Amino acid sequence: MHQIKSPQELREAAAEQKRQREAQQKAVLTVSAGTCGQARGSLDVIESLRKIVKEQSLEDRVEVKLTGCHGFCEAEPNIIIQPQNIFYQHVKPNDAAQIIEDTILNNQIIEKLLYKEPTSGKEAIKEEDISFYTKQNRLVLGDNALIEPTQLNEYFSIGGYLALAQVLEDMEPEEVITSILDAGLRGRGGAGFPTGRKWKLTRTVEADKKYIICNADEGDPGAYMDRSLMEGNPHRVLEGMIIGGYAIGADEGFVYIRDEYPLALKHITRAIEQAEEAGVLGENILGSSFSFKVNIVKGAGAFVCGEETALMRSIEGKVGEPRQRPPFPAVSGLWKRPTNINNVETWANVPLIILRGAQWYSEIGTEGSKGTKIFSLVGKINNTGLVEVPMGITLREIIYDIGGGIPGGKQFKAVQTGGPSGGCLPAEKLDLPIDYESLTQAGSIMGSGGMIVMDEDTCMVDVSKYFLNFLRDESCGKCLSCREGTQRMWEVVSDICDGNGKESDIQLLEELAVAVKDASMCGLGQTAANPVLSTLRYFREEYDAPIKDQRCPAGVCKALISYSIVAENCTGCMACLKACPEGAITGVLKEVHVLNQEKCIKCGACFEVCKFDAIKIE
Amino acid sequence: MNVELDKVKSFVDKHACDPSALIAILQDIQAEYNYLPRRALLVLSQMIKTSMVDIIGVATFYSAFSLEPRGEHTATVCMGTACHVRGGPKILEEFERNLGIESGHTTEDKQFSLETVACLGCCAIGPVVVVDGDYHAQVSIRKVEPILRKYQTKEKKDDAPN
């Protein structure tokens, strides 16, 4: 690609790409191929489709497009066929021939590939007919399904870098900041600090050099919207960063990305190269006096590096320990220079605000929380996936209308939001409108948008133990309160799970929680008690059962459960007998089997293989 | 493990002996040798004028690094919240039982290292296990042995004389 020398030239290039997109008459088969799509075989599907197109010389009529994640992870690998917008799910490589033959050449729908609503069983033909999509407002994530993320021209064809052109041509840096302030954009990475205020602060500090950082160290377990954006639309994140650099007066930026995201790393690396080649990044961007370069730094597997001061130390090549604030990064950040740090989703919102205006943006959402938020709806839920919804929507709408409810007719128990800093909310909070403040009041947080749904088979004490184990492992160890506090809380909760809990443990947990919160320096420690406190607040009876009655009602905590065979259901099929690694199950074909409790290690293999509900956990 | 000094030097040179590139250099060394050999770190220490204490400090702080040689294959079990509620811990136990090692360790024959990861961000297909970069979706207890066998047989095939 040749260097684009002016905003006007960029507008023309983008208009030409848009014209080509609209003029093309081909049927477009868009295959979702983010990391989870690929893990489910989407690349094989693409290969089969392309092979058939070639064999039948259909190149003039059909285009097979490889895009990032469409968000509907449950239906992977999925295909959207344009222009009709037909949605096929769970597509296999050997479906390719039929798709080309029936749907593309003969305009017929293939029923077996249609999505069926989990509750009504109704089939949906088009993307817009699927309840997973109808309540969403996919302003940020929607473009993933339109473009090949490795092609800059694709991004141009949907208006890519037009916001940058507008900023460089018509806007002073202060105007850009005012626009972000007026839009009401708040940080999407956790704390929800107003983005414009952060930018303004960094702009006003005088320094010889300033930095921009994109925090792509998406560490909250259960949250992966940033991965999806980096994989599926890396130029948009980059465009946001370049605009941010212009606004605060920085000439260099860093993308700090998790090492566990190889595809995202590949795509953002390629995007940077393409952007430099095209002249939208690098020296004298679009012929202006503004220059900006972007470097990539790979994380090395430390959760605490998602905290901004720890992240900056990690970029400097040091141990990722947080430090005391103030001074805030806006004043003294990376190599002691003013630094503005935002997360991936926040950056991806920036071009949208510039192009469509702060007024328009601020009309979406609630009083204090504007715009949309992407949540990763996972766990015990029918429609697992990334959902982008306007702020203010209720948990119930997300879980039941979009998520299709709980699989297997099970009861909803809790939804965990905000990762290890967040909390578990019970059924009585389902009608809570979601924004930064309401979640905090309810004892959880927005966090980066992880939303893990739990059903009756999830033990809340075990969940609490899970997060404490995570936190004691990830605590950097700098503050004693966090290092020892998370360890001690984990020990107490582990004792409860093992049936060795005492009634005084609850008070001890509450005291430890306050100490860890008050005496720790960074967000990790300050919020480390949230999973414990929220489960104590809403699920107290789940702590009482193991302490008072030596029971785990959900059937999870190993020390408190036993497996047994239900004689009336056992058909003597020998499946469990073969699956048992310890030889604890004996019996002969077509006769009720026997489980020897002394040999049983409670691995759950028998429960997993039994098709007749003949293994009981109690 | 035979550590070629020239190779280590080339990694350091690539980053212009910049101490702030320490993590990136360690990542390069680990990508080459599958762990951080002590001899490589000694060379690195001299070249970027950073003490071994600081280098080891960084290497042990970040979970991606290993100071011990790792196995031919690495199986990584996802311990994310979504995988956890879908039975991730049982999958890890099955791997531990099958390989006869605890997570974070390597089998005696140096075939497999077993690791855990906080979250791979593939929550829809949990429980997830990654072996040598291949993603295995919706792993159940029963699938563990076939997964391991797949890599073991591959190894044997590669070793077979032509």
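In this predicted model, chain B holds an open sheet of four strands in the order β2-β1-β3-β4, and the pairing within that sheet is mixed. Its edge strands, each of which pairs on one side only, are β2 (112–117) and β4 (134–136) of chain B, and neighbouring strands are turned against each other by 20 degrees on average, direction ignored.

- In general, the strands of a sheet pair through backbone hydrogen bonds, and they do so in either a parallel or an antiparallel sense.

**Chain B as a whole**

- Chain B contains seven helices and four strands, which follow the pattern α-α-α-α-β-α-α-β-β-β-α when read along the sequence.
- The chain is divided into domain 1 (5–61) and domain 2 (73–159), and the C-alpha centres of these two domains of chain B lie 29 Å apart.
- Along its principal axes, the C-alpha trace of chain B spans about 50 × 45 × 25 Å.

**The sheet of chain A**

- Chain A also has an open sheet of four strands, with the order β2-β1-β3-β4 and mixed pairing; its edge strands are β2 (62–67) and β4 (86–88) of chain A, each pairing on one side only, and the twist averages 20 degrees from one strand to the next.
- Strand β1 (residues 27–32) of chain A pairs with β2(A) in the parallel sense over six bridges, and A:Val28 stands opposite A:Glu63 in β2(A).

**Domains of chain A**

- Chain A is divided into domain 1 (16–133), domain 2 (152–362), domain 3 (372–455), domain 4 (460–549) and domain 5 (562–617).
- The C-alpha centres of domain 1 and domain 2 of chain A lie 33 Å apart, and twelve residues of domain 1 are in contact with eleven residues of domain 2.
- Between them, domain 1 and domain 2 of chain A bury about 880 Å², with 49% of it on carbon and sulfur atoms; on the side of domain 1, A:Gln17, A:Arg21 and A:Thr35 lose the most area to domain 2, together 49% of what that side buries.
- One salt bridge is found across this interface of domain 1 and domain 2 of chain A, along with five residue pairs in polar contact, and α1 (7–23) and α2 (35–39) of chain A each supply at least two residues of the side of domain 1 that touches domain 2.
- The side chains of A:Glu154 and A:Lys65 meet in a salt bridge, at 3.2 Å from N to O.

**Where chain B meets chain A**

- In the contact between the chains, 36 residues of chain B touch 56 residues of chain A, and the area buried between them is about 3600 Å², of which carbon and sulfur atoms give 59%.
- B:Phe61, B:Thr81 and B:Val85 supply 17% of the area that chain B buries against chain A, which is more than any other three residues.
- Two salt bridges are counted between the chains, and one salt bridge joins A:Glu608 and B:Arg142, whose closest N and O atoms are 3.5 Å apart.
- There are 21 residue pairs in polar contact across the interface of chain B and chain A, and the elements giving two or more residues to the chain B side are α2 (22–33), α4 (52–61), α5 (81–85), α6 (88–99) and α7 (141–159) of chain B, with the largest share, four residues, coming from α5(B).

**Backbone details**

- Most residues other than glycine have a negative phi, and most peptide bonds are trans.
- The peptide bond from B:Gly126 to B:Pro127 is cis, with omega near -5 degrees, and B:Pro127 lies in the loop between β2 and β3 of chain B.
- The peptide bond from A:Gln82 to A:Pro83 is cis, with omega near 5 degrees, and A:Pro83 sits in the loop between β3 (79–82) and β4 of chain A.
- A:Asn107, a residue other than glycine, has a positive phi near 55 degrees, and A:Asn107 is found in the loop between α4 (96–106) and β5 (115–116) of chain A.

Notes. Residues numbered from 1 in each chain as written. Chains lettered and ligands numbered in written order. Predicted model: local features only at pLDDT ≥ 70, side-chain atom pairs only at ≥ 80, totals over all residues. Heavy atoms only, no water. Domains from an automatic or database assignment. Pairing = 2+ DSSP bridges. Axes fitted to C-alpha atoms, helices over the stretch in contact; angles between N-to-C directions. Contact = heavy atoms within 4.5 Å. Buried area = accessible area lost by both parts, 1.4 Å probe. Salt bridge = Lys/Arg side-chain N within 4 Å of Asp/Glu carboxyl O. Polar contact = N/O pair within 3.5 Å; in protein donor to acceptor, adjacent residues only side chain to side chain.
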